[in-house]
Amino acid sequence: MEGASYQRFPKVKIRELKDDYAKFELRETDASMANALRRVMIAEVPTIAIDLVEIEVNSSVLNDEFIAHRLGLIPLTSERAMSMRFSRDCDACDGDGQCEFCSVEFHLRAKCIGDQTLDVTSKDLYSSDHTVVPVDFSDSGAGYENPEDQRGITIVKLRKGQELRLRAIARKGIGKDHAKWSPAATVTFMYEPEIHINEEMMETLSLEEKTSVVESSPTKVFALNPQTHQVEVVDPEAYTYDDEVLKKVEAMGKPGLIEVYAKEDSFIFTVESTGAVKASQLVINAIEVLKQKLDAVRLLEDTVEADDQFGELGAHMRGG
Amino acid sequence: MGLSSSRYKLPYKQTNEPINELVRLELTLELYLFANKKPLQTASYKGFFFSQPINPTPFVSSLTFEVKKRAMNAPDRYERFVVPEGTKKVSYERDTKIINAASFTIEREDHTIGNIVRMQLHRDGNVLFAGYKLPHPLQYKIIVRVHTTSQSSPMQAYNLAINDLDKELDHLKAVFEAEVARVSGAEY
C-alpha cells in the first residue's frame, strides 16, 4: 500500500544436475526460506501412489495387507500430480474416488507355472495411463545391460501353482498424509563455510605441527602443499562444522590460527528424488506449492476493510 | 458392534431375458466397533457378486477388506492439512490492552509457514514485535502475534509480508528455471 517492499532477491547456481539428484547453491535469502523449501519438498509436494487394492486371488506366502502395503510404497511417475485433483475434492466421480480424473487404475496378474521361482516385480504392474507407471530404475547409459539391475522392485515371489491377481487404484496425495507420497529421498542443506587461515601465525609453525593440524580434521578440508609447505584449504564444503580443527589449534596454544564462519545467507542444497518427479522439477513444484500455501494464508478482504475503519477511528481518537 | 451402512450398486439394467453377460453387484458393509461413541476400528468388506448366465445364483467371487485401526486419542492424518467445514483458515484478534497489536490464528499450518512469515515480518521497519507458536503439537494451527508502530497496523504488516514472500518466491522460481535451462542447454 505504501510502496515499501522488504523483498529479497535470491540467487541460484546449480552445481550438479542429474535426473534424480540436484546440488545447487542458494544465496541471499534467509534460513527460514531454505528450511521451508526443504520441508515442502519432503512433505507437501504432491505425488501419485497406490491407495486402494482389490485382491481377487492371492495364494502367495505374503498376506493381502502385506502385499497392499508394498504396492503403496512403489514410486510412480507423477508428472501429472500437480494438475490432478485430490480424490476428496473431485466432483466428477460419484463419491468413491475412482473416476478417471482423480485416479489411475493398475492391474497385476501373475501365476507361477514353471518350476523356477517367479519374481513378481513392479514391472508386472500395468497402468491404465501410460504417463503414470512404476519408476524404472535401470541405469540409463550403462555399457552393457546387466539383467540384475533391470528387474524392477520385487513385490512378492511365487512358487509353482501360486497366483496373484489384483486391481489397484492410485491417487494423488502428499507426504504429510503418508510417507508413500513423499517424492524426496533426501533433501539437505548446509551453510556455506568461510575458512580463514592466519598466514602470519602459520609461518611460526613447524612442518610437523602443520601436518597435525591438517590431519586433525575428520574430513579432508585442508592439505599441506608439498612444494610451498603451506596449509591450504582444499575443500571448504567438506567441513561438517565439527570443531576438531579449532580444538586442535587451541590445544597447540595458537587460537585464532584458523577461523571458520558460516555464511548466514548462503546455502548448499542437495536434493535426491525417488524418481517419481525429476529433481529439478521437485524444487520447482516445491516453490509452487509454497506459493499456494501463502496464498491460502492471506487475510480476507472483509476483515481488512472492517479493521481499517476501526483503525482510522481509533487513530483519530488517540490523536494519531 | 453396529452395522452402519450397506450400499447396492447395479451398473446394468435388469431384464427378464437370460443374461449372457456377468452382472456385478457391489456390496459394501461398514462395521464400526464403538467405544465411547467414537469408531475405534472400521472394517469394510467389498464383495463382487457375479451372476451366471443360465442359473442366476449370486456368489462371492472376490473379497477385499481394508481395516483401519486408530489409536484412542490420535487425530486422523488428514487433519494436519484439511480445514474442516465452518472453520476459517485465518482469523485474527486485536489485543485489547495494547494498541496496534493483533494475533492471527492460522488453521492447519505449521512451522513451514509460521517461521517464514515471522522472519519476513522482522524485516519490516514498522514492526516492533513478531512471533509465532504452535500452542500444542496435536492441535494443527499456529498463532502469529504482531505489534507495530502507529505508522502501520498489524494487518497491513501481515499482508505486506505475505506479498513480499510471494514476490520473492516468484523471483526464485524464475531464477531457478533459468539456471536449469542454462545447465541443461549447455550439456547438449
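Is A:Asp115 buried or exposed, and with which residue does A:Lys160 form a salt bridge?

Modeller: Bearing in mind that this is a predicted model, A:Asp115 counts as exposed, at 71% relative accessibility, a value over the 50% that the class requires. The salt-bridge partner of A:Lys160 is A:Asp115, and their closest N and O atoms are 3.6 Å apart. A:Lys160 lies in the loop between β7 (154-158) and β8 (163-173) of chain A, whereas A:Asp115 lies in the loop between β4 (103-111) and β5 (118-121) of chain A, so the pair ties together parts that are 45 residues apart in sequence. A:Lys160 itself is partly exposed, with a relative accessible area of 48%.

A second pair in chain A joins A:Glu237 to A:Arg15, with 2.3 Å between the closest N and O atoms. Here A:Glu237 belongs to the loop between β11 (231-233) and α5 (244-251) of chain A and A:Arg15 to strand β1 (residues 11-17) of chain A, so parts that are 222 residues apart in sequence are tied together. A:Glu237 is partly exposed at 21% relative accessibility, and A:Arg15 is partly exposed at 33%.

In chain B, B:Glu79 forms a salt bridge with B:Arg108, the closest N and O atoms being 3.1 Å apart. B:Glu79 counts as partly exposed, at 28% relative accessibility, while B:Arg108 is buried, with a relative accessible area of 12%. Salt bridges that share partners also join residues into one network, among them A:Arg39, A:Glu44, B:Lys89 and B:Glu109.

Key: Residues numbered from 1 in each chain as written. Chains lettered and ligands numbered in written order. Predicted model: local features only at pLDDT ≥ 70, side-chain atom pairs only at ≥ 80, totals over all residues. Heavy atoms only, no water. Salt bridge = Lys/Arg side-chain N within 4 Å of Asp/Glu carboxyl O. Helix = DSSP H or I, 4+ residues; strand = E, 2+ residues; numbered from the N terminus. Buried < 20%, exposed > 50% of the residue type's maximum accessible area, 1.4 Å probe, protein only.
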